[in-house]
Amino acid sequence: YGGGSPLFDETNKQLIGIKEVLDQMTGDNWSGNILMACGAPNIKDFVNKSNKPNKDNIHLALYPQFSRSTVLSTASIYQSLTGVCPMSNEGWIEPFGLDSRFINITSQFIYDYFTNNLNEMDYPHFDSPNSILNWQNVDLVFSAHGIPMRLIDKGDMYVIQLNEMIENILTKLRSLGFYGSHHLSFQSRVGRAKWTEPNTKDVLRELGGKRKNIVVYPISFVG
């Protein structure tokens, strides 16, 4: 993936997979688009009053957890374009990070990575020819996108949902034999304001200095 981000291509794979499942479940022929709040193709170039969320026009924001900086910010863009806030309305899918089905597939993904059971065709960028040595006792770092602390101070539920999601994932992993330590850290800080901590780089430096065996899972990213 040198020379560019795989984000659009990976998201398009998700779009194709979702379409295939919906086609099979409903017997209809679904179509879909990828839209971005920042970047192209942009939400503002597509969404309007005629294609706002409804029972036949499903909008899925790819944020597993709720935050004012992500879900609410995106909903505000929709409101400016359609005149209606889409949250809780038909056709708008709420954050899914705490859904038991998402917890199960996330836990299974991590376990399959531990034990080298990921399908090479689906994950060609993973270079893991063998199972993780002593995977049962690695330090598992959950790295999330950081947000400004001023949002947390105003009651943002982001970190609370992250911790709840991690506990649910760990419950599944413990049942599969994992008993190592875990850590929640944050990345992608911008500007000088105080953001959620600890920083992922600092956590990795500390664990590396202790010569820990580390696995990092990006818990707030799905693409």
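Visitor: What makes the largest nonpolar core, and which residues have the most contacts inside it?
Guide: This is a predicted model. Its largest nonpolar core has 26 residues.

Visitor: Which residues does I219 touch?
Guide: Leaving out residues up to four places away in sequence, I219 touches P64, Q65, F142, S143, A144, L162, M165, I166 and I169. To touch here is to have heavy atoms within 4.5 Å.

Visitor: How many aromatic pairs does a search of the whole structure find?
Guide: Seven.

Visitor: Why is the pair of F114 and W135 called stacked?
Guide: Take the two values in turn. Ring centres must lie within 6.5 Å to pair, and planes under 30 degrees apart count as stacked. The centres of F114 and W135 are 5.5 Å apart and their planes are at 20°, so the pair is stacked.

Visitor: Where do F114 and W135 sit in the chain?
Guide: F114 is in helix α3, and W135 is in the loop between α3 and β3. They are 21 residues apart, so the pair links distant parts of the chain. F114 and W135 are both buried. Ring pairs also link Y111, F114, W135 and F178 into a cluster.

Visitor: Which residues of helix α6 are buried, and how do you know which side they are on?
Guide: Helix α6 covers residues 200–209, and its buried residues are T200, V203 and L207. Around the axis they cover an arc of only 65°, which puts them on the same side of α6.

Visitor: What do the buried residues of α6 pack against, and what does the face turned away carry?
Guide: The buried residues pack against β3 (139–145), β4 (182–187) and β5 (214–218). The face turned away carries the exposed residues K201, R205 and G209. Exposed means over 50% relative accessible area.

Visitor: What is found at the start of α6, and what follows α6?
Guide: At the start, a side-chain oxygen of N199 comes to within 2.8 Å of the backbone nitrogen of K201. A polar contact needs a pair of N or O atoms within 3.5 Å. After α6 comes R211, with a positive phi near 60°.

Technical notes: Residues are numbered from 1 along each chain as its sequence is written. This is a predicted model: local features need pLDDT of at least 70, side-chain atom pairs count only at pLDDT 80 or more; totals for chains, interfaces and linings use all residues. Side-chain values use heavy atoms; hydrogens and water are left out. Buried means under 20% relative accessible area, exposed over 50%, partly exposed in between (1.4 Å probe, protein chains only). Helices (H or I, at least four residues) and strands (E, at least two) are DSSP runs, numbered from the N terminus. The arc is that of the directions from the helix axis to the C-beta atoms. A polar contact is a pair of N or O atoms within 3.5 Å; within protein, one must be able to donate a hydrogen and the other to accept it, and residues adjacent in sequence count only if both atoms are side-chain atoms. A nonpolar core is a set of buried Ala, Val, Leu, Ile, Met, Phe, Trp, Tyr and Cys residues joined through side-chain atoms within 4.5 Å. Rings of Phe, Tyr and Trp (its six-membered ring) pair if their centres lie within 6.5 Å; planes under 30 degrees apart count as stacked, over 60 as edge-to-face and the rest as tilted.
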